[in-house]
Amino acid sequence: ISTSVSSVNIEVANLNGKAIAGGLVGMVEFSEISNCYATGSVSTKSNKASTAGGLIGLIDAMVAGTTKVSYCYATGELSAIATEKSSYAGGVVGNCEVLISGNKLVGDVTIENCMYVGNKITARGTNKAHAGAIISCVEGNTSSLTIVISNCNYLKTVNIISNGTVDSKTNSQGKGYSTLSELIPTISWDNNIWEVTGSALPILK
């Protein structure tokens with residue numbers, strides 16, 4: 001989709017998809033998503049590429065424009081299984097894909113002030129497998145892509161399983177915290193939009 005989404009919560013929705021699935025939306029391009037959360041598990045299984053994201057399955061940056069994801073979180077268990085090709089599983093965003101080459105314009109992507117508080121992320125593929133606490137990876141020609149991941153953090157107790165690359169506990173993926181009481185205050189939640197009480201997960205008003 002190409003749109004603006006704000007102040008949406010998806011609770012207890014356990015999603016099973018084939019190629020691409022996200023707790024809130026499967027795929028976006030030049031969109032803005034803010035102040036949202038999803039709590040359900042997301043799983044995909046395909047004989048092609050398989051992508052699962054806690055909030056967004058795939059950010060398609062093959063077109064000119066800006067995509068921004070901010071003040072969001074996901075809690076669900078994630079699984080992406082590709083029986084013949086590659087798999088991607090990310091706590092907030094499953095994958096960001098760029099396939100345009102040459103001097104054509106591609107989109108700018110910002111993911112900021114987001115968190116993943118789930119317990120398990122799994123990516124298994126016969127070609128490649130990528131898993132990350134915030135985003136699994138950026139695929140394709142990234143020479144013209146600007147991607148910023150800022151102040152996106154996660155619970156470091158998350159179990160990340162991959163038969164390929166695990167890009168989870170690096171600076172680009174933010175910082176891991178031991179408890180919710182440590183993690184939640186790292187983001188400046190807008191009190192006009194969110195109800196934040198101690199170590200409980202923020203909820204929309």
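The following exercises, each with a worked solution, concern the predicted model shown above.

Residues are numbered from 1 along each chain as its sequence is written. Because the model is predicted, local features need pLDDT of at least 70 and side-chain atom pairs count only at pLDDT 80 or more, while totals for chains, interfaces and linings use all residues; side-chain values use heavy atoms, with hydrogens and water left out.

**Exercise 1. The chain as a whole**

Task: State how many helices and strands the chain has, and what percentage of its residues is buried.

Solution: 
- Step 1. Helices (H or I, at least four residues) and strands (E, at least two) are DSSP runs, numbered from the N terminus. The chain contains 1 helix and 23 strands.
- Step 2. A residue is buried under 20% relative accessible area, exposed over 50%, and partly exposed in between (1.4 Å probe, protein chains only). Of the 205 residues in the chain, 49% are buried.
- Step 3. A contact requires heavy atoms within 4.5 Å. Where contacts link residues at least 6 apart in sequence, 78% of them join residues at least 24 apart.

**Exercise 2. The cysteines**

Solution: 
- Step 1. A disulfide is a covalent bond between the sulfur atoms of two cysteines; the criterion applied here is a pair of cysteine sulfur atoms within 2.5 Å.
- Step 2. For Cys36, the nearest cysteine sulfur is that of Cys72, 4.7 Å away.

**Exercise 3. The nonpolar cores**

Task: Identify the residues with the most contacts inside the largest nonpolar core, and list the elements that give two or more residues to this core.

Solution: 
- Step 1. A nonpolar core is a set of buried Ala, Val, Leu, Ile, Met, Phe, Trp, Tyr and Cys residues joined through side-chain atoms within 4.5 Å.
- Step 2. The largest such core has 21 residues, and those with the most contacts inside it are Ile33, Leu55, Ile56, Ile59, Val69 and Ile111.
- Step 3. Two or more residues of this core come from each of β4 (25-28), β5 (32-38), β8 (56-60), β9 (66-74), β12 and β13 (108-116).
- Step 4. A second, separate core has 16 residues, including Ala52, Ala89, Ile121 and Val158.
- Step 5. Beyond its neighbours within four places in sequence, Ile111 is in contact with several residues, among them Ile59, Val69, Val93 and Cys152.

**Exercise 4. Aromatic pairing**

Task: Describe the geometry of the pair Tyr37 and Trp194, and state which parts of the chain it ties together.

Solution: 
- Step 1. Rings of Phe, Tyr and Trp (its six-membered ring) pair if their centres lie within 6.5 Å; planes under 30 degrees apart count as stacked, over 60 as edge-to-face and the rest as tilted. The structure holds 5 aromatic pairs.
- Step 2. Tyr37 and Trp194 form a tilted pair, at 5.9 Å centre to centre with 40° between the planes.
- Step 3. Tyr37 lies in strand β5 and Trp194 in strand β22 (residues 194-195), so the pair ties together parts that are 157 residues apart in sequence. Both residues are buried.
- Step 4. The rings of Tyr73 and Trp189 have centres 6.3 Å apart and planes at 85°, so this pair is edge-to-face.
- Step 5. Because Tyr73 lies in strand β9 and Trp189 in the loop between α1 (180-183) and β22, the pair ties together parts that are 116 residues apart in sequence. Tyr73 and Trp189 are buried.
- Step 6. Tyr37, Tyr73, Trp189 and Trp194 form one aromatic cluster.

**Exercise 5. Residues with positive phi**

Task: Locate Phe30 and Tyr71, and give the phi of Phe30 and of Tyr71.

Solution: 
- Step 1. Most residues other than glycine have a negative phi.
- Step 2. Phe30, in the loop between β4 and β5, has a positive phi near 30°. Phe30 is partly exposed at 38% relative accessibility.
- Step 3. Tyr71, in strand β9, has a positive phi near 50°. Tyr71 is partly exposed, with a relative accessible area of 24%.
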